[in-house]
Amino acid sequence: MVNKKAQALLDLKRRMEGDKSLPLRDTATQLVFGEGNPDTDIYFLGEAPGYHEDKHGRPFVGQAGQLLNKLLEGNGLKREDVYISNIVRFRPPENRDPLPQEIEAFKKYIEEEISIVDPRIIVTLGRFSMNKFLPSFKISQVHGKVYPMKWQDQPRVIIPMYHPAAALRATAILDQLKQDFKVILKTLGEAKKTKTEQLPLI
Ligand code: URA
């Protein structure tokens, strides 16, 4: 029996697969949809699929994904416990940064996915997904901080973090990311208690 959220996500995936207006589809192998536990309180939003994700049709399965798995496990979480997704769902050529108009084109689908999963905590990985919720923030200044806000009329907490790929390139970033990951579970208990009325509207 597929539960209601899983069915809604499947329908969303089918609609994305059929949306010929989405950018980057001509150069990519396949759509890389989000995956994980649709009933989770913790939703991770990355940037865009890379080579391995494009090949396998799954998010975060390359080196950055392996690091993400380790960070989750180090904090008592499994990949299957959380939901992992990307702000852009087709691989950009040569893994270039997604363009603003590409991010915009995927926006309505990302928002629908978030509203289906309905997580308390959204962990953004890297600056592109951070800027969706915290425009013009600098990741070096805000990573690991907790931003409660009303999003889609629901209480959510945004926790911006460095992208795991950046952590693979610099030990100092890896150390920060390890520290920042500890914030997730610490925040969860509080986040579940918070009422929408107590939150700033953005
Ligand atoms: N980097 C991302 O942002 N997403 C992936 O799925 C893989 C690497």
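**Note on the predicted model: helices, ligand site and selected residues**

1. Helix α1 covers residues 4-18, 15 residues in total, and spans 21 Å between its first and last C-alpha, close to the 21 Å expected at 1.5 Å a residue. The expected span is 1.5 Å times one less than the number of residues in the helix. Helices (H or I, at least four residues) and strands (E, at least two) are DSSP runs, numbered from the N terminus.

2. On the basis of the note: this is a predicted model, in which local features need pLDDT of at least 70 and side-chain atom pairs count only at pLDDT 80 or more, while totals for chains, interfaces and linings use all residues. Residues are numbered from 1 along each chain as its sequence is written, and side-chain values use heavy atoms, with hydrogens and water left out.

3. The buried residues of α1 are L9, L12 and M16. These residues lie on the same side of α1 because they cover an arc of only 60 degrees around the axis. The arc is taken from the directions that run from the helix axis to the C-beta atoms. Buried means under 20% relative accessible area, exposed means over 50%, and partly exposed is in between (1.4 Å probe, protein chains only).

4. The partners of this buried side are β3 (83-86) and α4 (100-117), against which the buried residues of α1 pack. At the start of α1, a side-chain oxygen of N3 comes to within 3.0 Å of the backbone nitrogen of K5. A polar contact is a pair of N or O atoms within 3.5 Å; within protein, one must be able to donate a hydrogen and the other to accept it, and residues adjacent in sequence count only if both atoms are side-chain atoms.

5. The ligand is surrounded by G46, E47, A48, E53, P59, F60, N86 and H163. A residue is near a molecule or strand if one of its heavy atoms lies within 4 Å of it. A backbone N or O atom of E47 is 2.8 Å from an oxygen atom of the ligand, and a backbone N or O atom of F60 is 2.9 Å from an oxygen atom of the ligand. A polar backbone atom of A48 is 3.1 Å from a nitrogen atom of the ligand. Of the 240 Å² of accessible area that the ligand has on its own, the protein covers 91%. Accessible areas come from the Shrake-Rupley method with a 1.4 Å probe; for residues, only the protein chains shown count as cover.

6. S129 has its place in helix α5 and is buried, with a relative accessible area of 1%. Leaving aside neighbours within four places in sequence, S129 is in contact (heavy atoms within 4.5 Å) with L45, G46, I87 and T124. G46 is also one of the residues that surround the ligand.

7. Helix α8 (residues 171-193) contains T187. T187 is buried at 9% relative accessible area. Its contacts, leaving aside neighbours within four places in sequence, are I121, V146, V157 and I159.

8. L177 is also found in helix α8, and counts as buried at 0% relative accessibility. With neighbours within four places in sequence left aside, L177 is in contact with L71, M161, Y162, P164 and A167. L177 and F128 are 49 residues apart in sequence and 17 Å apart in space, C-alpha to C-alpha.

9. G189 lies in helix α8 and counts as partly exposed, at 39% relative accessibility.

10. H52 is found in helix α2 (residues 51-56) and is partly exposed, with a relative accessible area of 37%. Not counting residues up to four places away in sequence, H52 touches V61 and G62. H52 and N86 are 34 residues apart along the chain, and their C-alpha atoms are separated by 14 Å.

11. Two loop residues have a positive phi without being glycine. For D118, phi is near 55 degrees; D118 is found in the loop between α4 and β4 (121-125) and is partly exposed, with a relative accessible area of 27%. For S136, phi is about 70 degrees; S136 is found in the loop between α5 (127-133) and α6 (139-142) and counts as exposed at 72% relative accessibility.
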